[in-house]
Amino acid sequence: MNGLDGGRPMNGLGGLDRPGAPTSAGAWDERSGEWLDDHDDAAGAPAGLAGERASEDRVSADRGAVVGTSVDGTSVDRASAARPDRPARRTGADPVKALMHRHRELCERAVDPLDIAAGLEAHGITDRTAARFLHRDVFSLAEEMYARTPRDGEEPPGTQPLTPPRARPDWILLTLLPGALCAATVTGLHLTHGQSRLITAAVGTLVVTLALRAAVARGPLAGRHITRPTATRIGWLIAYALLGDGLLRAAATGGPDALPTGTAQGPWPLTVAPVLALALSCAPAAWCAHLLAVRARHRLSASRALKDFATSAKPLLLATLALYLGALTALLTLTGTTLHEPAAYPQTLTLGALLLLARLLTAHGFTQAPALVLTAAASAEATALATLFAARLPGCARLATPVQSLLDIWGPAAIPTIACGTGALTLLLHAMRTLTRASAHAPQDHPC
Amino acid sequence: MDNRPSRHRLVRIRSSRCEPPGERRLPLWEIGGVLVRIGLITEGGYPYVSGDARLWCDRLVRGLEQHEFDIYALSRTERQEDEGWVPLPAQVSRVRTAPMWAAEDDGAGYGRRARRRFAEHYGELAAVLCAGGLAEAPEDGSALEADRFGNALYGLAELARDEGGLVGALRSEAAVRALERACRSRGALRAAREARVPDLLTVAAQLEHALRPLSLDWYEDDGLGAADLCHATSGGPAALSGLLAHHFCDVPLLLTEYGVRLRTHYLAAPDASPAVRALLATFHGRLTAEAYSRAALITPGNGHARRWQERCGADRAKLRTVYPGMDASRFADVGESTDCADPDSLVWVGRVEPTKDLVSLLHAFAEVRKEETKARLRIVGTPAGSEGAAYLGHCKALAAQLFPDEAEGPHTVGDNPVSFEEIGDPELLSLADAYASGAVTVLSSVVEGFPIGLVEAMLCGRATVSTDVGAVVEVIGGTGLVVPPRNPRALAEACVALLRDPERRERLGAAARARALELFTVEQNVAAFHGIYLEIVSRTPVRRVVLDDSGDPLPFAVPAEAHVPGRWTERPHGLVARGGPARPQGAPVRATTIPATGGAR
């Protein structure tokens, strides 16, 4: 191999233009070609007229001739001349028809005459072969074949359906990981006390964060373009779900007087159930995104116009979101009853919807809107907390009025619900416009 | 490294540049000599170690050391880029590379005006694609369509230069929608009207890939604009880069094609849907025609490529066939020696593939054995890929079936008259040894491009029997026997004729070697390109201001030449046979000068 490669300078050049091996159902070698020819003749001209016979003979004499050139003038034509008794091959009066029959698939598939010419050359037909069909070159032979191929009436072969993405075990396992680790951490928090509880909490947070990163790095939730860094905002939103309600309540009543103890009791209680439910919902989220991708691919294959796809993709998107929210509700109920905590439905469901939509948009290449909306939601929550503390400054007591009145009417859940709910709604409206575009679901791995 | 002013944040395709190691060479000025600065554009080739045609480019660059080369390389795969470069000679002043396999889309959208510009140009492009290919459009309409295509292409290129972000835009919904609108419009191709949404997405993605050279930052005055001429070493993306350099910087373009790129596109994706194939065939056809019409000269590598180029609308006056050059020194010993190792053996050398039709060769050899009982056949070559390996196994089995082992006498060990060998075996240390080991070299392919093995056999001074495929007749030119492909009997008779006649064999071999030394050596290749470079430069006015030693502009340093765009004389009719695109008779219309709003509709 090396000897050949190193020694042959033009290998690469030949490679540029290497014709493909024949793939058609037509005849490939001489014998099958003859077989096809003969059958064609037998069907087309059962009883040849005298005139036809004459032309057949002429053509077959042509075909039998051996092209031979040599410097010393002797021709290899002797080869065929020496065997006059060989039975003349039966060729129809219309040799091009036989050729078209042989390359039927090529002709039907061709988009222009050059396409046929390229295919014919790949099958070894040269200008000298074309001369036998009374054509000057392969191009004019291909033009005749293209013109004679019937094109009207029959339905062109349809587009092959796009291959839907497969569920792969690696991302399935990875999306289960954050939930499992989070559950382990919660168990650890319940079993430990004092400093070891602190260490458990710190280690648990770190491990769950890493698992989350790994879960969204591949599979249907993975972003395919450069993503904007949104980890801090998401981290803040989840931290608020964990600590925010307790802090808000404590702040409204003049606290907090102590750091959280890591339990649901005390002056600054932790709400672990929603966070655990969110971590567990990574797996359903990935499955929902996967289902969306698969169904969207099917719709893509089935739709003829871009508008059709947009129309059919809208209910799909809504169904995906509803499915996820259903799963999240079930998980919330489960964690709430297990941990004996009040399941904070409104704020967790809106947060879940916000996170899922942001991730879906990012995964399909729309990174700007999720980053903006996440920032807005996070800062709204931060502002609510900040106003409560700022109101303690002398003369600023009125700053706390809006948050305080919200707290009085709906309780501390109102703040995250409103922030995340508005964000989720905005993203949903955006997604209804962008995720229903065909280009958002275009397969990425095109052969180039 | 990006060389643009910092206010531009435009480059989407990373482009790197570097100077070769070693001292910077000062240009050699000779009396009467001309230093030409050549921008050599390659795609997936030189200077990458695994590139196509790297040896040819390397010999060209090394052979023309009086000139200066800037290499602009598009790499085809990440692996190719990782494998590194071949050592570069001192006349290569710099190398800039860009990946064709990765284009970053930063997600930043266009503003309103840029969006409108994009929609306008892309819509125009889509409309041209849906209107049909070169072969179908009527004569008069074709020129108009070609102009619309050029305007749309250069419009997109200018947009990429001004605003960047073309990669994202080409994949956006706006692009897909423009394609859909064009496909559904009146007068669209029948295949295009059948296009479904997946087809549109595929076409958009493929167009994005094909148009990646538009996003490069090469077309500046310190990039390709600084070159005296652009030499695109293949069609496709490299030619597109050359076209853009011609458009933006008025650098003349020399296009070399050893294999016809358009033909490769036709053969590339036989399974795609008709709409995708039709639209992409039109795109590549139009792009090729545009490159042919703008190129100063076109150098096909053989008559086959030349015929394709003529068919695609290349002007015959621009075509200069330059045969690829081969290193003749390796074969000098064998070629000049008169003794022959084995007067009864036939040799086949090459890569083992189904298209080489070794089966037919074995059947022919069976016929040869009936006439010449002492004949032997040596098949020298390695299989190409798994398919080739399977084919080689098949051939070995067939050889064992057809020819039983035989021995000289009752007491010697027998051997098969057909042997399968590889270069590197103890007996065959080099390629020349392989050719030297036989009296007659046989080529039995059914499909062939430019037959390198045949040229090597000619350089070795061997008589040859080959099948009439590809450029064989053009290469052999009467210095060997040619038989039709897939005709074992004719092949056998030609072989027997040569085996029986050593004198004729010698005569043919000497003639073949003389012909190969005349036509297919590196020297003729390099000399031909040298002449072509000078010819192009002599016809192109110098656009730069020449500075004197103190850095002041030197007036009248270059002669003022008349440079008239378009043609002086009317183009002779009938050169482009049967429906090839005809350029407009007058001066070409440039995209820059006209705001394209409603220009062509």
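This is a predicted model: local features need pLDDT of at least 70, side-chain atom pairs count only at pLDDT 80 or more; totals for chains, interfaces and linings use all residues.
Of the 448 residues of chain A, 40% count as buried.

For the complex it gives an ipTM of 0.80 and a pTM of 0.78. Chain B has a mean pLDDT of 80, and 82% of its residues reach 70 or more. Within this chain, confidence is highest in helix α19 (residues 488-500), at a mean of 93, and lowest in strand β1 (residues 16-18), at 53. Two stretches call for care as you look at the picture. Over residues 1-12 of chain B, pLDDT stays under 50, and the model has 19 contacts beyond four places in sequence for them. Over residues 566-601 of chain B, pLDDT also stays under 50, and there the model has 49 such contacts.

Now for the layout of chain B. The domain assignment gives domain 1 (16-105 + 212-318) and domain 2 (329-519). Taken over C-alpha atoms, the centres of these two domains of chain B are separated by 36 Å. Five residues from domain 1 and five residues from domain 2 take part in the contact.

Let's look at a strand, β3 (residues 68-75) of chain B. Eight of its eight residues are buried, so β3(B) is largely enclosed by the rest of the structure. In a regular strand, side chains alternate between the two faces of the sheet. Strand β2 (residues 37-43) of chain B pairs with β3(B) in the parallel sense over seven bridges. Within this pairing, Ile41(B) has Tyr72(B) as its bridge partner.

Next, find the open sheet of six strands in chain B, whose order is β10-β9-β8-β11-β12-β13 and whose pairing is parallel. At the edges stand β10 (418-421) and β13 (481-483) of chain B; each has a single partner strand, so one side of each is left without a neighbour in the sheet. From one strand to the next, the twist averages 20°. Inside the sheet, β11 (residues 440-443) and β12 (residues 463-467) of chain B pair over four bridges, and Leu443(B) stands opposite Ser466(B).

Helix α12 (residues 303-311) of chain B is our next stop. Seven of its nine residues are buried, so α12(B) is largely enclosed by the rest of the structure. Among the buried ones are His304(B), Trp308(B) and Arg311(B). What do the buried residues of α12(B) pack against? Their partners are α10 (138-148) of chain A, together with β6 (253-257), α10 (261-268), α11 (274-294) and β7 (297-300) of chain B. After the helix comes Gly313(B), with a positive phi near 100°.

Finally, consider the nonpolar core. In soluble globular proteins, nonpolar side chains tend to be buried together. The largest nonpolar core has 283 residues, of which Cys130(B), Leu156(B) and Cys495(B) touch the most other members. Leaving aside neighbours within four places in sequence, Leu156(B) has contacts that include His121(B), Tyr122(B), Leu166(B) and Leu211(B).

Definitions and conventions: Residues are numbered from 1 along each chain as its sequence is written. Chains are lettered from A and ligands numbered from 1 in the order in which they are written. A residue is buried if 20 or more other C-beta atoms lie within 10 Å of its own, exposed if 12 or fewer, and partly exposed in between; C-beta atoms are placed from the backbone. Helices (H or I, at least four residues) and strands (E, at least two) are DSSP runs, numbered from the N terminus. Two residues are in contact if their C-beta atoms, placed from the backbone, lie within 7 Å. pLDDT is the predictor's confidence in each residue, from 0 to 100. Two strands pair if DSSP finds at least two bridges between them. Axes are lines fitted to C-alpha atoms, for helices over the stretch in contact, and angles run from 0 to 180 degrees between N-to-C directions. A nonpolar core is a set of buried Ala, Val, Leu, Ile, Met, Phe, Trp, Tyr and Cys residues joined through C-beta atoms within 7 Å. Domain bounds come from an automatic or database domain assignment.
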